Amino acid sequence: MFLPPGFGEKYVMTALGRMVYYTAVGKPWSDTDVDQSSDRTLLFLHAFGGGSSAYEWSKVYPAFATDYRIIAPDLVGWGRSDHPARSYHIDDYIRSIIEFIEKTGNGSINAIASGLTAAFTIRAAILRPDLFKSLILTTPAGLAEFGQDYSRSFSAQIVNIPGVDRLLYMTGVASGFGIRSYLEQRQFARAERVYPEIVEAYLESAQQFNAEYAALAFVRGDLSFDLSLYITQLTVPTAIIWGQKSEFTGPEVGRRLAQMNPQAIRIFYHLDDVGFTPQLELPGVTIGLIRKFLPLLE
């Protein structure tokens, strides 16, 4: 388990399966003034990719545990949550985010999410704005914006070949070499920022039984969509952080999305010298930005 001190594992049942989440359960957080039923809640949602899990936010969320109730789930198909052998669809994850908040929340929450999951979270907030106080999102993209559809890429097409998909997963994702290569070459701006614990945490998630089903749905592009078709419907106050060297979608995509709805998207911050997951690559900076943005949005 790759959990910060004082955090433990709980779970709720959703229509998609059992969803494990992590929250403060012991010292040094047990003697703080934050009521675990408090409506001052920060929900941290991880991105998708080989070996993704709530670990992605584990260097960030302890910094807020004295002031907020923290909940950080592994989405179904990832981490320690259930991994049903099924086809995964966009609506599965939008509904499960809503259901998870309904079952763990107490009033509206502040959601912090990244990647494709951040795009799902925007759609969840459009459907149920009553569940959200604010959104702080890193690189929110559906990977099909403005004519740049990821599902038409070479990576997505080759994984659609039967048999090749499982082989690529076992050799390119569910192995230490594959995980490290992916993180160094595609997720981080600087390879030296990838240290052994990160590789081990991603590998543990990628090697869970049936973990390939959700991961391959993502790599095939089954979960991609054009967020620009929905972004104007967002009403929840939002801040966006975009890494300059994000592999799949550059900052220009984020800037165009933000400009489509300036009433809701109040902050767009272009972060230099960072890739797709600033929360792992530069956690201290990410913490500082979240602290800066929360009061501006609340």
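How many of the eight residues of strand β2 are buried?

1. Seven of them are, so strand β2, residues 17-24, is mostly covered, with buried meaning under 20% relative accessible area, exposed over 50% and partly exposed in between (1.4 Å probe, protein chains only). Strands here are DSSP runs of E, at least two residues long, numbered from the N terminus.

2. Before going on, a word on the source: this is a predicted model, where local features need pLDDT of at least 70 and side-chain atom pairs count only at pLDDT 80 or more, while totals for chains, interfaces and linings use all residues. Residues are numbered from 1 along each chain as its sequence is written, and side-chain values use heavy atoms, with hydrogens and water left out.

3. Now the partners of β2. Strand β1 (residues 7-14) runs antiparallel to β2, and eight bridges join the two; strands count as paired if DSSP finds at least two bridges between them. A hairpin of two residues links β1 to β2. Look for tyrosine 11, which sits opposite valine 20 in β2.

4. β2 also pairs with strand β4 (residues 69-73), again antiparallel, through two bridges. Here tyrosine 21 has proline 73 in β4 as its bridge partner.

5. Over in strand β5 (residues 109-114) you'll find isoleucine 112. Isoleucine 112 counts as buried because its relative accessibility is 0%. Skipping neighbours within four places in sequence, isoleucine 112 is in contact (heavy atoms within 4.5 Å) with Leu42, Leu43, Phe44, Leu45, Trp57, Ile136 and Ile290.

Key: Helices (H or I, at least four residues) and strands (E, at least two) are DSSP runs, numbered from the N terminus.
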